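Biologist: I have the sequence and the model open beside me. Could you walk me through the structure?

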Amino acid sequence: MAAFPAMPLYTDAYLADTRHLTTEEHGAYLLLLMCAWRNAGCELEDDNKSLARITGLTPARWRRLRCRLETFFIVEDGRWRQRKLSAVHEDVAARVARNRVNGARGGRALAAKRTRHHDSPGSKLGTKVDGKAGGNGAGNSVAAKAKTKPLKQQHQSDAGEVNAKAEVSVDSEWSTAILGACGEGMVIDASVIHLWRAADVDLARDIVPTITAIRMRELSRTGKPPLRLGYYRDAVLEAAAANTKAMRAGKKARAPMSAGPKSRFDPTDLGHWRRLLGDPGSRFRGDYMAQHWFVPSDHPEFQACTLGPNPRFQRNPRIPAEIYQDYARPWYWR
């Protein structure tokens with residue numbers, strides 16, 4: 001499932017940019033946008049066979065439409081990116097992060113408010129006790145509020161100054177740690193760091209382990225690590241949400257990588273293939289493997305490695321005939 005199942009579509013802007021397209025080109029363009037929305041980094045691989053499969057076109061027909069549709073994208077470094085789609089994706093991610101933070105803060109704030117109300121002199125409990133003693137509960141409440149308000153404002157002012165002073169040091173600490181996890185060539189995007197901080201993401205628990213795991217996975221899969229911090233954004237938010245949920249349930253935080261020894265995947269071993277692929281009747285497992293045709297670095301049993309060409313797009317000679325016999329038909333392999 002995509003990180004954000006609903007993709008906003010601004011119809012006025014869309015029609016203003018695409019009225020020159022044919023009905024077939026409209027359909028292909030929208031399918032490209034929707035599939036890019038579901039992918040990490042909001043991008044597509046620059047591979048004609050893969051893009052033809054996404055659009056539901058034959059390779060020959062796709063090559064005829066490509067020259068027109070690629071004008072809507074930025075095609076570089078072997079990836080297709082749509083500037084407006086990436087911006088909308090970042091806005092949605094920011095809103096989701098803010099909602100998570102506000103939801104968590106709402107629960108904590110309500111509990112704190114109830115505690116303060118219970119302990120304050122003007123609460124119902126305080127008024128009742130004062131009344132028994134012959135005192136004026138309402139008057140005491142007003143006086144207590146008048147006395148505590150300046151002190152509260154002073155605390156808020158002091159907290160603001162402390163936060164302002166700590167802002168630079170925190171950003172510097174996070175940037176240094178993130179650069180260390182990402183490696184050379186990474187350009188730090190301040191907006192991504194601010195988004196993580198707003199979502200109460202933990203640097204040591206969520207960010208560094210997740211970046212390290214994804215970087216190792218991409219190195220084993222493509223031979224080069226991601227160079228944009230936004231590539232890690234959603235994965236870090238998901239890891240933070242999972243770890244927070246686990247801690248609330250009294251469990252340990254989820255480890256992004258297995259610490260135990262792993263075995264090397266043997267493409268000639270039928271048992272390895274079956275343990276890796278799972279139930280051939282699982283439609284969801286088939287969809288996942290179609291999009292992630294490699295052994296990731298966080299796999300609990302096998303070391304990270306590539307599996308050869310994706311069998312949905314071309315015949316893979318590394319896959320044994322017995323595995324093809326069991327999986328090719330239900331998973332739409334060639």
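Biologist: Is Phe302 buried or exposed?

Modeller: This is a predicted model. In it, Phe302 has a relative accessible area of 0%, so Phe302 is buried.

Biologist: Which residue forms an aromatic pair with Phe302 at 5.3 Å centre to centre?

Modeller: That residue is Phe265. The planes stand at 90°, and the pair is edge-to-face.

Biologist: Where do Phe265 and Phe302 lie?

Modeller: Phe265 is in the loop between helix 10 and helix 11 (270-277), whereas Phe302 is in the loop between strand 4 (294-295) and strand 5 (305-306). The pair therefore ties together parts that are 37 residues apart in sequence. Phe265 counts as buried because its relative accessibility is 7%, and the cut-off for buried is under 20%.

Biologist: What lies over the face of Tyr10?

Modeller: Lys84 lies there, at 5.2 Å from the ring centre of Tyr10.

Biologist: Back to the rings. How many aromatic pairs does the structure hold?

Modeller: There are 14 aromatic pairs. One of them joins Tyr29 and Phe73, and it is edge-to-face because the planes are at 90°, with the ring centres 5.9 Å apart. Tyr29 belongs to helix 2 (residues 23-38) and Phe73 to the loop between helix 4 (59-69) and strand 2 (74-76), so this pair ties together parts 44 residues apart in sequence. Both Tyr29 and Phe73 are buried.

Biologist: Why might one look for nonpolar side chains buried together?

Modeller: That tends to be the arrangement of nonpolar side chains in soluble globular proteins.

Biologist: What is Tyr232 in contact with, leaving aside its neighbours within four places in sequence?

Modeller: Tyr232 is in contact with Cys182, Met186, Trp196, Ile211, Ile214, Arg215 and Pro226.

Biologist: And Asp234, is that residue buried or exposed?

Modeller: Asp234 counts as buried, because its relative accessibility is 14%. It is found in helix 10, which covers residues 230-248. The side chain of Asp234 makes a polar contact of 3.2 Å with the side chain of Arg233.

Biologist: What about Ala239; where is it found?

Modeller: Ala239 is also a residue of helix 10. Its relative accessible area is 5%, so Ala239 is buried. From Ala239 to Thr210, the C-alpha to C-alpha distance is 7.2 Å, although the two are 29 residues apart in sequence.

Biologist: Finally, the chain as a whole. How many helices and strands does it have?

Modeller: The chain has 13 helices and five strands. It comprises 334 residues, of which 33% count as buried. Among contacts with a separation of 6 or more, 61% are between residues 24 or more positions apart.

Methods
Residues are numbered from 1 along each chain as its sequence is written. This is a predicted model: local features need pLDDT of at least 70, side-chain atom pairs count only at pLDDT 80 or more; totals for chains, interfaces and linings use all residues. Side-chain values use heavy atoms; hydrogens and water are left out. Helices (H or I, at least four residues) and strands (E, at least two) are DSSP runs, numbered from the N terminus. Buried means under 20% relative accessible area, exposed over 50%, partly exposed in between (1.4 Å probe, protein chains only). Contact means heavy atoms within 4.5 Å. A polar contact is a pair of N or O atoms within 3.5 Å; within protein, one must be able to donate a hydrogen and the other to accept it, and residues adjacent in sequence count only if both atoms are side-chain atoms. Rings of Phe, Tyr and Trp (its six-membered ring) pair if their centres lie within 6.5 Å; planes under 30 degrees apart count as stacked, over 60 as edge-to-face and the rest as tilted. A charge sits over a ring if NZ of Lys or CZ of Arg is within 6 Å of the ring centre and within 35 degrees of the ring normal.
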